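Me: I am new to this structure. Please show me how to read its main features, one by one.

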Amino acid sequence: MGDSLLLSPHSATPMYAQIVDQVSAKVMSGAWEAGRALPSIRELASDCQVSVITVKRAYQELERAGVIVTRQGKGSFVAETLELPRSLAMEEFRAQLASLIRAARKSGLSAQDVLDQVERALSDPPDSSTEPTGDTPS
């Protein structure tokens, strides 16, 4: 069925993040429209063969991102907000930024080095290559 989520225990992505990503993708594509009821936490945990805690964490992340709303005693639903695409884009930006910060730390870059790199990237024309060349134009 097209509504089910396909989680991989072999993925490097944690199970809760796979749920967040897949629900977000279904909402962004319009496959899951505003107001649609999501499966209960227990139902989704059973369907995906993950713990209730995993699904609860995913639903909390989705709610924090504004993708879903939870109504006490009623369940969770796709949010009915016009800000949803922006909210999802910001969530994606934050995830990418966190990944970049981890990479910078592994590389031993200082905070100033990271800021310098960001400033350089922001000053590049939007259509320029995304690969840094190491050369700075004079």
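The dialogue below takes the features in turn.

Me: What should I know before I start?

Reply: This is a predicted model: local features need pLDDT of at least 70, side-chain atom pairs count only at pLDDT 80 or more, and totals for chains, interfaces and linings use all residues. Residues are numbered from 1 along each chain as its sequence is written, and side-chain values use heavy atoms, with hydrogens and water left out.

Me: How many helices and strands does the protein chain have?

Reply: Helices (H or I, at least four residues) and strands (E, at least two) are DSSP runs, numbered from the N terminus. Here the protein chain has five helices and two strands. Along the sequence the pattern reads α-α-α-β-β-α-α.

Me: How do the two strands pair?

Reply: Two strands pair if DSSP finds at least two bridges between them. Strand 1 (residues 68-71) and strand 2 (residues 75-78) have four bridges and run in the antiparallel sense.

Me: Which residues touch the most other members of the largest nonpolar core?

Reply: General idea first. In soluble globular proteins, nonpolar side chains tend to be buried together. Buried means under 20% relative accessible area, exposed over 50%, and partly exposed in between (1.4 Å probe, protein chains only). A nonpolar core is a set of buried Ala, Val, Leu, Ile, Met, Phe, Trp, Tyr and Cys residues joined through side-chain atoms within 4.5 Å. The largest one here has 22 residues, and Leu-5, Ile-19 and Val-23 touch the most other members. Helix 1 (15-29), helix 2 (41-48) and helix 3 (52-64) each give two or more residues to this core. The largest share, six residues, comes from helix 1.

Me: What does Val-23 touch?

Reply: Contact means heavy atoms within 4.5 Å. Not counting residues up to four places away in sequence, Val-23 touches Leu-5, Trp-32, Leu-38 and Leu-62.

Me: Is Thr-54 buried or exposed?

Reply: Thr-54 lies in helix 3. Thr-54 counts as buried because its relative accessibility is 19%. Leaving aside neighbours within four places in sequence, Thr-54 is in contact with Met-15, Tyr-16 and Ile-19.

Me: Where is Gln-49 found?

Reply: Gln-49 is in the loop between helix 2 and helix 3. At 74% relative accessibility, Gln-49 counts as exposed. Gln-49 has a positive phi of about 55°, although it is not a glycine. Gln-49 and Pro-9 are 40 residues apart in sequence, yet 9.9 Å apart in space, C-alpha to C-alpha.

Me: What share of the protein chain do buried residues make up?

Reply: Buried residues make up 25% of the 138 residues in the protein chain. Contacts can be counted by sequence separation too. Among those between residues at least 6 apart in sequence, 46% join residues at least 24 apart.
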